[in-house]
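Please look over the structure below.

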Amino acid sequence: SRLQQRHACAIHSRMQPRRRGQRGIIHRGRWLLPALALVIAMAGLPAGPARDNDHASLYRGGADIPLPTAAMADATPTPERVLLNVEAATVTPPPVATTTPTAAPLDATATPEAAPVTLSDEVREQARKRANAVYRALWQEFYLPEDRLFREMAPYEHGYPYSYLWPLSQTLGLSNEMAVLPDADSQHLFDVLSTVGAIELYFDEHREPAAYSSYIPPPYGHENDRFYDDNAWVGLELLRAWELTGYELALERAGQVFAYLVSGWDTADEGLHPCGVFWIESMRNRDRNTVSTAPAAKLGLLLAAQEDDPARRRFYEQWANRMYAWVDDNLRDSTGLYWDHIGEDGAIDESIFTYNQGAMIGASLLLHQTTGETRYLDRAEKIGQAALERWALDGLLAQPVAFNAILFQDLLLLNEQRPDPRYPDLLVSYADRLWSGHRDPTTNLFTISSPTSLLDQSAAARIYAMLAGYGAGTPQEHADGDD
C-alpha cells in the first residue's frame, strides 16, 4: 500500500534500536529544546521575573531567541513539559512581527456570499470534551518526558524509539488547534512549543538545503530519507505555531522548508507531464505528487502574506502559483478531484486521497484571498462538491483518519465563503462514528489501524478540536441537536 511504501522508503539504513533506558538525549546535556518561556508558579512565592526581560538560550544555533507573546505571564504549564532554560536578561527582545496580509480587492460584480453554516453550542461542547479527553490520552501515552519526544505507537514500541516526522507534523497541528479554542487551557500554548521543540531534533543541517529528515538524523539518530510532503506539512504547522506564539525560530524554519521544497522541483522539461515537486529526496523514487506540490503552494502563499520584502514576496508568490498550476493542469480528473501522483515514466496514478483534495481547496482559497479572483473560489467549491459526491460516511472511514482531518480543515474554511450544510454535517457524523467505533473507552486511545499510532490519535483529537472551535461566537444557523 501507499502507507507501507512510505514506511519502507523512510528506513533505508540499519541501526541497533536504542531502548528506553538508553535514550537520554536531553538529560545528557547535549541540547535544549526550543519552547515557550514560562514562569513557574510555586506556592507562596512570587510569580518570577518580568517576562519582557526573559530569554531562551537554544542549543541549535547558539542564539538567544526572542520570547513569544507575554500574554502567558501568569500561566503555569504542567511541570514535565517545561522545556526552556529561562534566565533574566538585560536586553529587551525585538518586537514580534505582526504583519497582516492585505487581500486584493474582490471582484465588484461578485454576488455576496451567504453566511456560513455553523454548529450548535451543544455540538461544540460535546466536541470540546472529546477533544480534551483524547488530547490528554495522547500526552499520557505517547509523550516521553525524559526525552521530550514522542513515541510512534502505544503501547507497542516499534524498532525505533521515537516517532517519524509525518505523525509529529499532525501532532503539532493538533496542539495548534487546541491552542486557538475559545477559553483554551493556557497549557496548550506551551504544548505547541513543546512539539516544535521535539520536531527541531529532526532538522538536518548536514545536507543542502537544510530540511527535516523523516527520522532523527545523526548524531542522535541515523541516516534516513527526507520527504518533501512531510516537510510541507511541518512547514505549514510551524508557520501557524509562529502566528500563535511569536516564536521566531518556527518562522525561520518554515522559510527554510519552502526553499527545500523549491529545490525538489523537477527541472526536466521533456517527457510526459514534466515538473512538479518530488515526493521523496531519493533517486529510487521519482514520483511527483499532489501531496508534495499542493501543500507547498499553500506554504508559499502563507509566507508571502507575512513577508515585507517585495522580492521575497514575489519569490513565494511566483513559486506558489507555479506549483498550484502544475497540479491543476496535470492531476485534475474529470470530476474536479485530484489524482495522487505522476511517475518517472509519466504514468499517472489515479488513486484519489482525501488529503490531496483538502490541500487543493486550501491553496485555491488562499489564491482567491490574495488575488481577489473568483475563479479560485469557484475551483475550491467544485473540489468540495466533488468530494461530497465521492465520499459518503463509509467512504471516508476507508481513508486514513489523518487524510480526512486535512480535508475537513479545508472544507470548513470553504464553508465560510461558500456555505453548504453538508460539510459540517458530514464532519459531525464522521466524528461520532470515530468515537463510537474506534475509541477504547477505558483509555480514550483511537485504534484505526493496529497498534494505536500517534498519527491516528493526533488526527482524531484534531477533528474534535476543529468541531469545538468552528463557528464559536457566530450566529447559530445549524439546528440544535442536528449532530
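The protein chain holds 14 helices and 14 strands. Both are DSSP runs numbered from the N terminus: helices are H or I with at least four residues, strands are E with at least two. This is a predicted model, in which local features need pLDDT of at least 70 and side-chain atom pairs count only at pLDDT 80 or more, while totals for chains, interfaces and linings use all residues. Residues are numbered from 1 along each chain as its sequence is written, and side-chain values use heavy atoms, with hydrogens and water left out.

**The chain as a whole**

The chain has 483 residues, and 57% of them are buried. Buried means under 20% relative accessible area, exposed means over 50%, and partly exposed lies in between (1.4 Å probe, protein chains only). The accessible surface comes to about 19,800 Å². Carbon and sulfur atoms account for 51% of that surface. These areas come from the Shrake-Rupley method with a 1.4 Å probe; for residues, only the protein chains shown count as cover. Now take contacts between residues at least 6 apart in sequence: 72% of them join residues at least 24 apart. A contact means heavy atoms within 4.5 Å.

**The core**

In soluble globular proteins, nonpolar side chains tend to be buried together. Here the largest nonpolar core has 139 residues. Phe150, Tyr202, Tyr212, Met323 and Ile463 touch the most other members. Helix H14 (residues 454-469) gives the largest share of this core, 11 residues. Such a core is a set of buried Ala, Val, Leu, Ile, Met, Phe, Trp, Tyr and Cys residues joined through side-chain atoms within 4.5 Å.

Helix H6 (residues 248-263) has 16 residues. At 1.5 Å a residue they should span 22 Å, and the end C-alpha atoms are 23 Å apart, which agrees. The expected span is 1.5 Å times one less than the number of residues. Among the buried residues of H6 are Leu249, Arg253, Phe258 and Tyr260.

**Charged pairs**

Side chains of opposite charge can pair when their charged atoms come close. The whole structure contains 20 salt bridges. A salt bridge puts a side-chain nitrogen of Lys or Arg within 4 Å of a carboxyl oxygen of Asp or Glu.

| Salt bridge | Closest N and O atoms |
|---|---|
| Arg207 with Asp204 | 2.7 Å |
| Glu237 with Arg462 | 2.9 Å |
| Glu373 with Arg375 | 2.5 Å |

How far apart in the chain are Glu237 and Arg462? They are 225 residues apart, with Glu237 in helix H5 (residues 228-245) and Arg462 in helix H14. Glu237 is buried at 8% relative accessible area, and Arg462 is buried at 2%. Both belong to a network of salt bridges that also links Glu177 and Arg240. In another pair, Arg207 is partly exposed at 23%, whereas Asp204 is buried at 3%. Glu373 is partly exposed at 33%.

Three strands form an open antiparallel sheet in the order S9-S10-S11. Strand S9 (288-289) and S11 are the edges, each pairing on one side only. Strands pair if DSSP finds at least two bridges between them. S9 and S10 have 2 bridges. Arg288 has Ile342 in S10 as its bridge partner.

Ala347 sits in the loop between strand S10 (341-342) and strand S11 (348-349). Ala347 is partly exposed, at 40% relative accessible area. Leaving aside residues up to four places away in sequence, Ala347 touches His341 and Ile342. Ala347 and Asp287 are 60 residues apart in sequence but 9.6 Å apart in space, C-alpha to C-alpha.
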